Amino acid sequence: MLLPSRTLVQLTKPVRFPVLYALIALACAIAAPPGYAEFSKGDKVWSKHLETALLAEPSPLAASGAVVGFAEKLTIKEIRGAWLRVKADDVAGWVFSGNVATDKPKLAPAAGFTTLDASQTNTVAAARPLTPAAEQYAQNLGAGDAQADIDWLDAESAALTQLDLTSYMSENRKGEYRE
Amino acid sequence: MKRGALLALLVGCAVAQGALAQFPGLGDIGSAISKVKKTADDTAKVAKGASGLSLEEEIAIGDAVAIDIVVRYGGVWRDAAATRRVNLIGRVLARYATRQDLEWRFGLLDSMAINAFSAPGGRVFITRGLYELLPNDDELAGVLAHEIMHIDQRHAISNIAHDEFLGGVAGLVADNSATFAQFEQVVGGVTNEILVSGYNPDTEYEADAGGRELANVSAYAPGGLRAALIQVDSLSQQHEEVFSTHPPIASRLERLPADPAP
């Protein structure tokens, strides 16, 4: 039996369902959908990109109120869907929860590849070449063609700018641009 | 009044739970984000602590492993449009990975085998055979996310922790005068695990689960990997090499949630 009999009896009575209660129920549903509970108000999270904008609204198109650097501790003040309103030492704003880490990151992002927000650039980043050890490895293996292939691949990858990526995400509703 | 309000709240929350359950892309976004971060963060911490490899060392090993992968799988398929597509999708996924210290790069191998690989340090490869089987972005994202998780969680390098050649690798990267044979031996071990023996099944299942969560966070359909695996499975009878370094597809599908096909 899932419910005590007393409750069953009560449910047989006509139930008044005032609009106000319905609105409260809806607010409850929106504010606390299942799955969002793992971030809680008061939790500490850390920025993991070189720059992370704290936005005025929970939207990627909202104005940036402040920018925090890498591995800054943020306190969650409010949760709205996949967005968190966070506070740093002296600034606050909204951030997409995919852009923060639950533990303090130790290694800084590779410059030019993970910067978010206003400083996005259309400048083509210089491709990091194969390491000298890998070049020597290719040479010893007689794999000059493979090395040239990877050089081509790295150039193609580096030609993809941050602006390209942001435009793609916006047009295709990915990440924080999701509907 | 109080009972009425309570009833309304319960009904509302139950309705919301039911409605969101039908839209896995919405209902479990936050959960997915938390899970993928927690899992990857925890695993990364342990692996990093265990291996003690610096980022520079990891990248050096990964670059050499990438050379091996390219050599053994027919070279890079130099199709600019396809390469752009895998880099766009891959970079969206990598944007939400735990490890932001890597320059993630995605490439296609000129081989009709059906497989995908990841080298330490952020290089992900997918064969032309698999790529052409996946015109759907969600399915491609599922495969790429699986490979990203191998790197994010340092699967390939975690075993180097107890390797006697660690000192040689460290010495080589810092000072090229150290013997190169040690470096090659480490690279050979990693390459063998990635291309020949494969990871142990539990590691693959972890990458499946983590990849699904990563795809979901990135707003690709969480069922993309599942759909891709089903497609690949349908070819396994007629194709020589299908995910040869991975556990049986049926056992992977058993462990993935029954998400709808994208």
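Residues are numbered from 1 along each chain as its sequence is written, and chains are lettered from A and ligands numbered from 1 in the order in which they are written. As the model is a prediction, local features need pLDDT of at least 70 and side-chain atom pairs count only at pLDDT 80 or more, while totals for chains, interfaces and linings use all residues.

Chain A contains 5 helices and 7 strands, where helices (H or I, at least four residues) and strands (E, at least two) are DSSP runs numbered from the N terminus. From the N terminus on, the order of elements in chain A is α-α-β-β-β-β-β-β-β-α-α-α. Of its 179 residues, 34% count as buried; a residue is buried if 20 or more other C-beta atoms lie within 10 Å of its own, exposed if 12 or fewer, and partly exposed in between, with C-beta atoms placed from the backbone. Among contacts in chain A between residues at least 6 apart in sequence, 62% join residues at least 24 apart, a contact being two residues whose C-beta atoms, placed from the backbone, lie within 7 Å.

Glu57(A) lies in the loop between β2 (52-55) and β3 (64-68) of chain A. Glu57(A) counts as partly exposed because it has 14 C-beta neighbours inside 10 Å. Apart from neighbours within four places in sequence, Glu57(A) contacts Ala62(A) and Trp94(A). Trp94(A) is 37 residues from Glu57(A) in sequence, with a C-alpha to C-alpha separation of 6.0 Å.

In chain B, 3 strands form an open sheet of mixed pairing in the order β1-β3-β2; strands pair if DSSP finds at least two bridges between them. β1 (105-109) and β2 (116-119) of chain B are at the edges with a single partner strand each, so one side of each has no neighbour in the sheet. The twist from one strand to the next averages 20°. β1(B) and β3(B) run parallel and are joined by 5 bridges, with Phe106(B) partnered by Val124(B) in β3(B). β2(B) and β3 (residues 123-127) of chain B run antiparallel, with 4 bridges; here Phe117(B) is partnered by Phe125(B), and Ala119(B) by Arg123(B). These two strands, β2(B) and β3(B), form a hairpin with 3 residues between them, and Gly121(B) in the turn has a positive phi of about 95°.

In β3(B), 5 of its 5 residues are buried. Arg123(B), Phe125(B) and Thr127(B) point one way from the strand, and Val124(B) and Ile126(B) the other way.

Helix α4 (residues 55-72) and helix α9 (residues 180-197) of chain B have axes that come within 9 Å and cross at roughly 55°. Axes are lines fitted to C-alpha atoms, for helices over the stretch in contact, and angles run from 0 to 180 degrees between N-to-C directions. α4(B) and α9(B) are therefore oblique to each other; angles under 35 degrees count as roughly parallel, over 145 as roughly antiparallel, 65 to 115 as roughly perpendicular and the rest as oblique. Residues of α4(B) in the contact include Ile61(B), Ala64(B) and Val65(B), and those of α9(B) include Val186(B), Val187(B) and Val190(B).

Helix α7 (residues 137-152) and helix α11 (residues 224-235) of chain B pack at about 100°, with axes 7 Å apart. α7(B) and α11(B) are therefore roughly perpendicular to each other.
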